[in-house]
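User: Please take a close look at strand pairing in this model. I want one connected account.

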Amino acid sequence: MDAVSAPPVVALEALTKRYLQPAHLAVEDLTLDVAPGEIVCLLGPSGCGKTTLLRLIAGFETPDAGRVRVAGATVASPDVWVPPDRRRIGFVFQDYALFPHLTVLQNVAFGLRGATRERRERRAAEVLDLVGLTIFAGRYPHQLSGGQQQRVALARALAPQPAVILLDEPFSNLDAALRGSTRDEVRAILKRTGTTAVLVTHDQEEALTFADRIAVMRAGRLEQEGAPEEVYARPRTAFVASFLGRTNLLRGEGLGHVARTPLGELALSRPVHGQVMVSLRPEALSFRPGGRGVPARVLQREFKGHDLTYTCQLLQGEGLRVVVQTGPDCGVGVGDTVPLAAAGAAVPLEASRSMARGAG
């Protein structure tokens, strides 16, 4: 049985969690499955409910309604409650939570219960080898880099062979140079071991590069979920389009497979009729010096090494500002007036599923 047809490792059914101080819905009627070996990222702004959802899976919070199933067993429902240490869940915390007075090997062995010391140390050594830290077994956490501490925390979570590992903003304490390489190493370890994982982050780049599937949350509800490429290229709402990177939101009139907008008639990713808002990513716009397009004046130019990002103002209509992304060799400069044209399809957007209210 493959991962697609196999029962989910984590199944959340109509999950709801309310807090009283202050009174608000942190998670509302949320349903989500995580397949065996899949890495799912809960993505959203601070206060959207993603950490609360992770804590509900772990058993650190009790749901007010709905059901949590892990490895086929119900662990939380109106009639069932299984404590965290019996849920077959590994947890990697934001601050790693390593014991400073224990060696790396002792930290990894700490969560292994019901076995002799020899068996615990043998298993800990196996997992340290898996994460490439065997030579550091006798060191203490303060003698390791941030990335090495992160892998020790992952090894400790992997050691008891949990059904799923939960990671709460695990890379946020690392500097930018180390974050990318550590993220790649952790993903490679999870994939090599076939480990099912749920990651919480508010970092869009982290979600896009780390996850097999993204679940975008807003105000306690699931706004959209799917493969990173799918959610980025075909956002369902203006919130998702804007949260997953820069985009141009344009109002227009749908005429079937095209829409009439301030940028002229744009091809649409799906047919629509009547008033519509569309998303057009900056990389789907291009300058056409000497060619046909909507005239725009360049207000700002940002060089980022691998690309250039321009802020432009259209010279017709209401002077809408749009963002254009090009390769690093584009010769257009600030103050230039250049025709703009779309090189890709715009995506019609739906109304948001979530009410704009606070969630914890």
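Analyst: Two strands count as paired if DSSP finds at least two bridges between them. Strands here are DSSP runs of E with at least two residues, helices are runs of H or I with at least four, and both are numbered from the N terminus. The model is predicted, so local features need pLDDT of at least 70, side-chain atom pairs count only at pLDDT 80 or more, and totals for chains, interfaces and linings use all residues. Residues are numbered from 1 along each chain as its sequence is written, and side-chain values use heavy atoms, leaving out hydrogens and water.

The protein chain holds 18 strands and 8 helices. Start with β1 (residues 10-20) and β2 (residues 23-34). They pair antiparallel over 8 bridges. A hairpin of 2 residues links β1 to β2. L15 sits opposite L30 in β2.

Now the open sheet. Its 6 strands follow the order β6-β7-β8-β3-β9-β10, with mixed pairing. Twist averages 20 degrees from one strand to the next. Angles run from 0 to 180 degrees between N-to-C directions, with axes fitted to C-alpha atoms, for helices over the stretch in contact.

Within this sheet, β7 (residues 164-168) and β8 (residues 197-201) run parallel, joined by 4 bridges. L166 has V198 in β8 as its bridge partner. Helix α4 (residues 146-158) packs on the sheet and touches β6 and β7; contact means heavy atoms within 4.5 Å. The direction of α4 makes about 170 degrees with that of β6. Helix α1 (residues 50-58) lies across β3 (39-43), β6, β7, β8 and β9 (213-218). It runs at about 150 degrees to β7.
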